Amino acid sequence: MVAALFLPILMVITGFVVPNGFAPLDTLSYERVHSAISGSNIVKLVLFGVIALPFFHWAHRFKFTLVDIGLRKISLLLSVLCYGGAISATVVTAIILWQI
Amino acid sequence: MSYIRKVPNTWWLQRKPYFLFIVRELTSVAVAGYCGFLLYLMYALSKGPVAYSDAIGLITHPASYTLHMIGLLLVLYHTITWFNVTPKVLVFHLGEEKVPAVIIAGAHYAGWLATSALVAWLLLGTGTSV
Amino acid sequence: MAKTIELEIFRYRPEEESEPTFQSYEVPFNEEWVVLDAINYIKDEIDGTISHRWSCRMGVCGSCGMMVNRVPRLTCAAFLKEYYPKKIRVEPLDGFPVERDLVTDMDGFVSKLTDVSPWIIRNEGEEKPVEEGTYLQSPHELAEYKQYSMCINCMLCYAACPVFALDTNFLGPAAIALGQRYNMDSRDQGRDQRQEVIASHDGVWHCTFVGECSAVCPKDVDPAGAIQRAKLSSTTDYFKDLLMPWGKRK
């Protein structure tokens, strides 16, 4: 759900709006972004949700898809890699955001 | 002796609904890919202005446009296929009649519009900080 | 020259062969015929050795389900004119062992139906004795589960489900929809009892919401919807139990 709601608009912004100059040049500048994030725990929390949660969405769907197209025998290994990857990404996200 | 038929690994290529299902599931890779990019931006941010400006500069690279375009198409497919099935999951009966599917899905699309507008306003709106 | 259409039919005779084959038959074509009519014509007029299941020929008994050009259909509802002049390939429903020709082994399916305890379950001491009359139910309460009660056990949904095709341990669409039919019946108090089977790894959580089960269902039962709703209610129950363990559910 998080990915469905937030990602399209973010991708439009970082993919088209800002690089093509439809927004002021300093929209994603260090000063602006850094002060927005470091100054607010709520912003950090929202960012954490937007970045980390979709990794679980990926882990679940990707693992089941690989099993469905024939990799059923290594299903357990795939679970470890996918969910483990999502958990690692979550931890890394938390650490990085904490440090901003 | 009953005969057990084998399922080929190409089962999903044999009918359009199955193919579209696999495409739908693989959109999760685009989702993870973009979140990985956001994570990388955050990492660069934590390393200071120079590291960050290098990282954000990537969005002006020609490959960025292509990747964003493909990723966006996939992520949109993900959003649309998801919202369109929500009426199957959220079933409410008013008396004997079901709340129409268009209202359930519509509510999600409305929420999507509102969220996108909010994010756009926060990121692109005038004013130097959130 | 009367019109004809070709049917290519899956044959398997365990006493004669170890591998299935396909046999082609030319049958008369007319506008009113369905695939079942063509198969019955073959059996009556051309090749009496062919084995197939059928009964009501009007889409209510669930006996005549087969793969028609790789799509699970009730053969009594698949008109020849939908395919004419191309040939029609008829095979037994996917996912099930083949006993003979177009006849599948349904035992696995039937046992799954029993696994979900498809009857009204009342708590100890809350049975209503016959003298007190029937349980009353409003039209709204009926609407909550009526759709799931329309299943004719035709197994088209199992044949359409890739998860079931790859792992026949999956409880499957019809069985879960049947479980939901009772879970959502206001007279029933057995949801907790069914949870162990329904909310298990081989139950709803094996489903990846491909949705083809609902697409092929001839009775609009929407088993896919039933399964996703069961996932949602299992999840909310899990969190309710976790955060509020003192509450007692139905």
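Reply:

In chain C, the C-alpha centres of domain 1 and domain 2 lie 31 Å apart. Domain 1 of chain C covers 4-104 and domain 2 covers 107-243, with bounds from an automatic or database domain assignment. Please keep in mind that this is a predicted model, in which local features need pLDDT of at least 70 and side-chain atom pairs count only at pLDDT 80 or more, while totals for chains, interfaces and linings use all residues. Residues are numbered from 1 along each chain as its sequence is written, and chains are lettered from A and ligands numbered from 1 in the order in which they are written.

Where the two domains of chain C meet, 12 residues of domain 1 are in contact with 13 residues of domain 2 (C-beta atoms, placed from the backbone, within 7 Å). On the domain 1 side, β3 (65-68) and β4 (71-74) of chain C each supply at least two residues (strands are DSSP runs of E, at least two residues, and helices runs of H or I, at least four, numbered from the N terminus). That side of domain 1 has 7 nonpolar, 4 polar and 1 charged residues (Ala, Val, Leu, Ile, Met, Phe, Trp, Tyr, Cys and Pro count as nonpolar, Asp, Glu, Lys and Arg as charged, and the others, Gly among them, as polar).

Now to chain A, which has 4 helices and 0 strands. Its C-alpha atoms fill a box of roughly 50 × 30 × 20 Å along the principal axes.

Chain A also meets chain B: 44 residues of chain A are in contact with 46 residues of chain B. Helices α1 (2-17), α2 (30-38), α3 (41-68) and α4 (75-99) of chain A each give two or more residues to this side, and α1(A) gives the most, with 15 residues. By class, the chain A side has 32 nonpolar, 10 polar and 2 charged residues.

Within chain B, look at helix α3 (residues 62-89) and helix α4 (residues 101-124). Their axes come within 7 Å and cross at roughly 140° (axes are lines fitted to C-alpha atoms over the stretch in contact, with angles from 0 to 180 degrees between N-to-C directions). Among the residues that meet there are Phe83(B) and Pro87(B) from α3(B), and Ile104(B), His108(B) and Trp112(B) from α4(B). By class, this contact has 7 nonpolar, 4 polar and no charged residues.
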